[in-house]
Structures are given as structure tokens and as C-alpha cells.
Number of protein chains: 2
Amino acid sequence: MGTIEGPTEISSRHLSTRMSTLRPSPIRALLRLVDQPGVLSMAGGLPALSALDADRVRAVIESVLDHGGALGPTALQYGPTEGVDPLRRRLAGMLSAELPTDADDILVTTGSQQGLDLLARASIDPGDVVVVEAPSYLGALQSFSVAGARIVAIDGDHDGIDVDRLAAELAGGLRPKVLYVVANFHNPTGAVLSLDRRIRLVELAEHHGFFIISDDPYGELRFAGPPLPSIAALGVGRPVSIVRLGSASKILAPGLRVGWMTGPPALLEAAGRLKQSADLHTSTLSQLVVAELLADEGAQRAHLDRIRSRYRERAGALSDALGADLGERVDFSPPTGGMFTWVTALDGTDTVELFPRAIDHGVAFVPGAAFSVDGGGFTGSLRLSFATLDPTRIRIGVARLIEAWRP
Amino acid sequence: MGTIEGPTEISSRHLSTRMSTLRPSPIRALLRLVDQPGVLSMAGGLPALSALDADRVRAVIESVLDHGGALGPTALQYGPTEGVDPLRRRLAGMLSAELPTDADDILVTTGSQQGLDLLARASIDPGDVVVVEAPSYLGALQSFSVAGARIVAIDGDHDGIDVDRLAAELAGGLRPKVLYVVANFHNPTGAVLSLDRRIRLVELAEHHGFFIISDDPYGELRFAGPPLPSIAALGVGRPVSIVRLGSASKILAPGLRVGWMTGPPALLEAAGRLKQSADLHTSTLSQLVVAELLADEGAQRAHLDRIRSRYRERAGALSDALGADLGERVDFSPPTGGMFTWVTALDGTDTVELFPRAIDHGVAFVPGAAFSVDGGGFTGSLRLSFATLDPTRIRIGVARLIEAWRP
């Protein structure tokens with residue numbers, strides 16, 4: 001009976017409509033080229049390996065597995081979906097520095113990426129509007145897209161998302177269900193949302209009834225400038241829903257996959273219910289390790305100080321090299337925290353075209369198009385991470401980038 | 001204007017339609033009562049704490065964190081979505097004992113629960129039919145329900161799902177997209193799907209074009225009877241899609257949250273794409289620990305032998321106690337592997353009503369209704385786990401159950 005189908009054809013009949021229409025990102029395919037020997041990568045958002053304190057982690061794991069002989073096996077056993085008590089209590093204490101938070105108000109997640117995904121699934125009906133800042137974190141775009149959201153991107157600048165523009169869209173009839181924002185050291189732009197705009201966002205959320213997801217993986221990585229009140233703190237006492245997402249990935253270790261979420265009861269409860277079927281719970285061992293690492297407040301403070309000073313130095317090296325060598329051809333703002341510098345070409349360079357030339361010259365970045373909702377924007381921009389490489393390698397990387405830049 | 005809304009009312013407006021219609025399970029609320037001091041629990045599917053080899057895990061973690069000084073930080077760093085190479089290679093070797101499997105054909109998941117959830121999201125359009133065996137694993141029902149599936153339950157017996165009944169439904173026009181099956185030591189019934197039924201299932205899948213999810217967390221826990229060929233092995237060379245789900249939870253440690261999936265390319269690729277936004281990747285530390293534990297094949301074989309002989313002893317103690325004391329009032333089959341015994345009352349006892357009395361008497365089980373698609377079936381049955389308690393406690397537990405049984 002005709003040709004025999006191969007396994008791919010047979011199994012693709014079993015995909016849902018959405019999966020069979022979601023095309024793999026061409027940028028992702030491009031980024032596979034990053035991991036080649038000899039390529040200095042400023043592409044990934046990877047913390048410096050030297051910033052991951054393996055010695056302290058090893059000591060803590062031994063203590064977690066040894067503890068009274070009883071906690072040991074507990075670290076290997078099933079745990080509650082919402083997270084283990086020691087971690088939830090510890091996080092509540094930490095978050096209470098900003099806003100009073102109970103352990104019961106915390107859902108531990110498998111990285112904050114899971115928090116985003118659970119929230120998208122808990123809140124989005126197909127066609128619901130989600131507002132994001134453009135450019136935007138790719139992982140957030142993916143979670144919202146898979147949930148069927150219509151994503152509306154509002155441009156940002158050095159002060160974060162353009163709130164006037166958002167207000168105008170809302171006045172014009174835009175009815176978002178969710179606004180997603182990274183207020184501190186935005187990925188990919190490094191921008192810090194200004195205080196004025198934070199206040200306006202909360203007012204708009206109250207007036208128009210959307211809720212805010214405030215994703216804050218980089219807040220602790222501030223190495224210049226004063227801290228600003230969080231969006232959640234600005235929302236206190238107002239009838240607004242604000243969900244905060246946090247992560248151990250940038251302050252301890254991404255490989256542990258521990259994040260957390262706190263916010264209004266119905267959303268938290270719904271996210272928790274979805275987490276039951278998503279992965280039952282987050283690794284018990286990882287949770288207890290993070291709880292124990294955070295428990296030693298002095299050591300953690302010293303650890304954060306080390307990371308901040310290291311990233312300050314690296315960000316400075318990157319800014320200096322870019323300013324000295326590409327100054328007239330690019331625009332960028334020296335970052336005040338986080339892990340990223342956003343560079344925009346002033347000479348018409350297309351960064352997707354630049355990418356393979358850069359790889360040939362032994363340096364990698366992420367083309368701006370990767371952070372575009374439709375995959376076609378920001379063709380003149382690129383993201384550089386200053387977290388992964390030391391200053392010397394950063395300078396060599398920028399020199400290689402300049403070589404590649406010349407047509 | 002008017003009354004001020006509380007945070008719950010505000011945030012519940014932000015739920016998606018599906019979440020606001022999914023009601024929390026009353027059985028789950030009941031099961032919160034299990035964790036009371038003094039209650040001997042045969043409710044949870046928790047491996048014996050003594051079966052979790054914390055010493056071996058500690059040694060392996062030290063080796064993972066020490067390894068050449070370089071692998072240490074790697075265990076704490078971001079990793080690829082599909083899983084780290086050492087684990088994928090190790091799993092491929094292990095699975096190849098049954099069916100040739102490449103490392104590239106494996107997607108590592110955050111427990112096999114995540115595998116189920118990703119598959120449900122990758123394949124199900126709202127209204128698509130999923131066939132399950134009744135009673136069924138609650139976590140599977142949740143994942144399929146959240147994805148919008150219409151779940152059709154086909155009764156099972158001591159030989160697993162009733163394939164004649166399924167064939168009749170298919171002949172009558174039932175058009176499932178997926179069939180979900182736990183062929184070895186089913187949860188909750190402990191049944192092993194007979195060879196004849198395995199063969200028929202594969203034929204039906206081929207003829208009617210549905211795909212099979214073969215979930216096998218308990219296959220290695222056989223302590224009596226001969227092994228049977230897997231459904232995947234029976235499907236070789238036929239134009240059928242069969243996805244295999246595996247898990248480290250019952251053979252090593254559930255707290256690590258490591259599972260795996262292998263199957264046809266399109267489904268695997270789609271599940272991997274969803275995993276990017278679901279949690280980026282599974283804990284790198286957990287993956288490397290599992291890879292290292294499995295690498296010592298002699299130690300792992302000895303470990304499995306110990307678990308099997310421990311569970312054999314406990315299953316025997318449970319069967320003996322049930323037979324001696326409740327023999328005339330219940331029906332059950334002595335299990336040949338896995339972790340569970342399914343007990344059905346012959347005297348009209350309602351196990352949801354029995355539950356609070358049992359808790360009062362200091363023993364816990366899971367009422368059969370927890371495994372029913374509509375939450376209302378199997379009111380005369382209950383699930384007992386023989387994995388968690390030692391034989392003495394199992395005998396005391398059964399004695400307490402009998403006390404509670406008497407009205």
C-alpha cells in the first residue's frame with residue numbers, strides 16, 4: 001500500500017495543532033554554533049564558573065546529607081509540591097526585607113523559568129493579551145506563546161519599558177491580562193526601570209485590571225547606583241495583583257534549578273496545582289542545599305559582594321573596550337548591574353549577518369533578533385554578557401568582534 | 001466605590017478559564033490528614049528511607065563536585081535542555097539492553113511526571129481522547145486533564161487493561177489520540193499487563209493510529225515471576241509510535257527528580273521544545289549524580305537486589321496480614337513487584353468513609369476514588385503501599401486497619 005512512512009512522519013501526526021505550527025527558532029539553530037572550541041562566548045547568560053562556589057556547596061551538601069542521619073535520606077525523598085519548609089521559611093525571611101512575606105506565601109519552582117510557565121498556563125486563555133517590553137527575554141516569550149497568548153511588545157529605552165506608550169495603547173483600547181516586566185537590569189538591555197515608571201505601571205495595572213509579573217533574577221547583582229523600590233512594594237495597599245519571581249540561579253548556582261514565586265492567593269494556588277502535574281516538586285536536594293547556603297547570611301553576603309565586584313570589573317572592561325574600539329559605530333549604556341550589555345550598531349550592521357563572521361573570528365554574541373517577538377526586529381542590535389569571561393578574555397573578545405565587524 | 005475586594009477575589013479574575021473550572025480534589029484535601037504524628041502511612045508511594053542509599057549518594061556527589069576541579073562548577077552551571085551527555089549516554093546504554101537506543105534519542109526530564117506533562121501538552125488538542133486504564137495514576141489524569149483531553153477509562157483486572165473491551169470501543173467508533181499504560185506493577189493495582197494483551201495493544205495502536213505512552217517507573221522492582229517483553233520491544237518494525245518513560249525515583253532517589261523519555265523523533269523534539277520554556281533543563285547536579293550512580297553497574301545491581309528483596313519481604317508481610325485478618329472481607333492479589341497492593345472490599349465498605357476512621361486508629365491508605373477519572377469510582381477499593389514501612393509496622397498497620405474496619 002504505497003510508501004512506508006518513517007517514524008518522523010508517523011509521530012508528527014500525533015502533535016497538537018499548536019506544536020505543529022510552532023516553528024523552531026532559526027536564531028536557536030544559529031546559537032548552536034557558539035559552543036565551538038576556540039570561540040570566546042559572550043552569548044550565554046552563564047554566571048562565571050569562578051562565581052560558583054563549589055567548595056561551599058560541597059560543604060553544605062555534606063551537612064544536608066549528614067544532618068542527624070535523618071535529614072540525609074530526606075534530601076533524597078519526595079517532598080511537598082509547594083517546597084520544603086526550611087527553604088520556604090528562609091526565603092520568606094529574605095523577601096520580608098522588602099515586603100512582609102510568610103513561608104506559606106511562597107511556591108518553590110524549578111528555576112524561575114518554571115514560575116513563568118506555570119503563571120502563563122494558570123492565567124492565559126488563547127488570544128489573551130500579554131504585554132512585554134521589547135526587546136524581551138526569550139524564555140518568557142516562549143512560555144506565553146505556548147499558552148496561546150497574543151504578545152504585544154512595547155518598546156523600552158535606557159529607563160525600561162516606555163510607560164507613556166503603554167498608557168496610550170491602553171487608552172486606545174488595548175486590554176492586557178498580564179504585563180511581564182524585568183525591572184532590574186533587564187535581559188537583554190540591562191536597563192533599570194525608573195522609579196517614575198514603576199509607579200505609573202502600578203497605577204495602570206490598578207486602573208485597567210491587568211496583573212504584573214515582576215521577574216527579578218538580577219536584582220542582587222547591582223554594582224552601581226542606588227536601589228529603587230520594587231514594583232511589589234509600590235503596589236502595597238492597592239487593589240492590584242503583582243507576582244514576584246525570584247531565582248537562585250544568579251546568586252548561587254543555576255544548575256540547582258531553584259526559583260520561587262510569591263503573589264496573590266488565587267494565582268499562587270493555581271500555579272501550585274499545575275506544578276503537581278508539571279513535575280510533582282522541585283529537587284529536594286537542591287532545595288535543601290539552597291536553604292542551607294542562604295542560612296549562612298554572612299557567607300552569602302560575602303559571596304554576593306565577590307560576584308558584584310567581579311561583575312563590576314568585567315562590565316567596566318567591556319564598556320572600556322567597546323568605547324575605545326567601536327565607539328563611533330555603536331551605541332550602548334554602561335550597565336549598573338546584572339549580566340548584560342546591549343549594543344546597537346549605528347552603521348547599519350545587520351547582527352544576524354555579523355554572527356557567522358564573528359564565530360569565524362572566534363567570538364560569540366546573541367543577535368538582537370533573538371529577543372524580538374516576531375523574530376525579525378532588533379537586527380541592528382546584539383547582546384553581550386560580561387559575566388562569563390574574565391577582563392582579559394573580554395578585551396580579546398571585543399578585539400575579535402571588531403575584526404569581524406569590518407566587512 | 002462599594003466594597004473593597006480582597007486579594008483572592010482580585011487575583012481569581014486573572015485565572016484562565018480552565019483553571020477557574022478545575023476544582024481542587026476533595027481526596028487530596030483528605031490526604032493532608034496522612035502526615036499526622038502516630039499515623040502509620042501506607043498511603044504515599046514513597047520508597048523506604050532505608051532504600052535510599054545516602055552514603056553512596058554522598059560519595060558520588062563528592063566525586064561529581066571534585067572531578068578534576070572542572071566538573072565541580074559544571075555540576076552547578078546551566079546545561080542543555082535535553083540533558084547532560086554523561087547521563088544520556090549512560091541511559092542509552094541501560095535502555096539498549098531492551099531496545100537499541102542512542103544518547104540523542106533521550107530527553108532527560110524533571111521526573112517522569114514532567115515527561116507525562118510535556119507529552120500531554122505536545123500532543124493534546126482540547127477534546128482529544130486519551131485512553132487510560134481504570135483505576136489510573138492520578139498524576140497522569142491531572143496532566144491529561146489540564147491539557148484539555150477527554151479521558152476515557154477502560155477497566156483493568158489482574159492482567160492489566162481489558163484489551164477486548166478497548167477493541168470493542170474502538171470498533172464502536174472511539175478515536176483516541178493517545179493510550180497511557182503502566183504495564184509493569186501498575187499504580188494503583190499492582191497488575192502486570194499480560195503478554196497477549198501487550199501484543200494486542202500494539203496491534204490496535206497500529207490499526208487505529210493512536211500512540212502509546214508506556215510509563216515504566218516500577219519495571220526494575222520485580223521480585224516474583226518472569227519478566228515480559230516491553231510494549232516498545234513488541235512494536236519494533238511496526239508503524240506505531242511508542243514513547244517510553246523512565247524514572248530514577250524508584251531505583252535511586254525520588255528527591256533528585258530525574259526521569260527520561262525516549263520515542264519517535266517528532267514527539268521527542270516537541271517535548272524538548274516545550275521543556276525549554278517549562279524549566280530550561282533538569283538540575284545539572286541531580287543529572288550528574290544519577291549518571292555517576294548508574295555508572296557503577298555492580299553497585300547499582302546490588303542496590304536493586306537489596307530493594308527487591310526488601311520489597312518482597314514487605315509485600316509478603318502485607319499479603320499475609322491481610323489474608324489472615326481480612327481474608328473473608330476483601331479481595332486482593334499478592335503483588336509480584338512494584339510498591340502497591342490494591343484491596344477491594346467484599347462487604348460493602350466505603351473506603352472514603354473508612355479513611356477518617358483509619359486515621360483515628362493510626363493508619364493511612366489511599367481511597368480508591370483518588371484513582372478514578374471522575375473522582376467517584378472505586379469507592380470499595382483502597383491502595384496500600386508496602387514500600388515505606390518495615391514488616392513489623394506493616395502488621396501493626398493492618399491490625400489498626402481492621403480495628404477501623406469494624407463499624
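Does R58(B) count as buried or exposed, and at what relative accessibility? In this predicted model, R58(B) counts as buried, because its relative accessibility is 16% and the limit for that class is under 20%.

**View 1. Salt bridge between D55(B) and R58(B) within helix 4 of chain B.** D55(B) is exposed, with a relative accessible area of 55%, whereas R58(B) is buried.

**View 2. Salt bridge between R197(B) and D157(B).** The closest N and O atoms are 2.9 Å apart. This pair links distant parts of the chain, 40 residues apart: R197(B) lies in helix 10 (residues 195–208) and D157(B) in strand 4 (residues 150–157) of chain B. R197(B) counts as buried at 15% relative accessibility, while D157(B) is partly exposed at 36%.

**View 3. Salt bridge between E169(A) and R165(A) in helix 9 of chain A.** Their side chains meet at 3.4 Å, N to O. The two residues are four apart in helix 9 (residues 163–171), about one turn of the helix. Both count as partly exposed, E169(A) at 28% and R165(A) at 40% relative accessibility.

**View 4. Negative surface patch on chain A.** The patch is formed by E82(A), D85(A), D102(A), D104(A) and D105(A). D104(A) is found in the loop between helix 6 (85–95) and strand 2 (106–109), and counts as exposed at 64% relative accessibility.

How values were computed:
Residues are numbered from 1 along each chain as its sequence is written. Chains are lettered from A and ligands numbered from 1 in the order in which they are written. This is a predicted model: local features need pLDDT of at least 70, side-chain atom pairs count only at pLDDT 80 or more; totals for chains, interfaces and linings use all residues. Side-chain values use heavy atoms; hydrogens and water are left out. Patches are made of residues with over 30% relative accessible area and no salt bridge: like charges are joined within 9 Å, nonpolar side chains (Val, Leu, Ile, Met, Phe, Trp, Tyr) within 5 Å. Accessible areas come from the Shrake-Rupley method with a 1.4 Å probe; for residues, only the protein chains shown count as cover. A salt bridge is a side-chain nitrogen of Lys or Arg within 4 Å of a carboxyl oxygen of Asp or Glu. Lys and Arg count as positive and Asp and Glu as negative; His and the chain ends are not counted. The place of a charge is taken as NZ of Lys, CZ of Arg, CG of Asp or CD of Glu. Buried means under 20% relative accessible area, exposed over 50%, partly exposed in between (1.4 Å probe, protein chains only).
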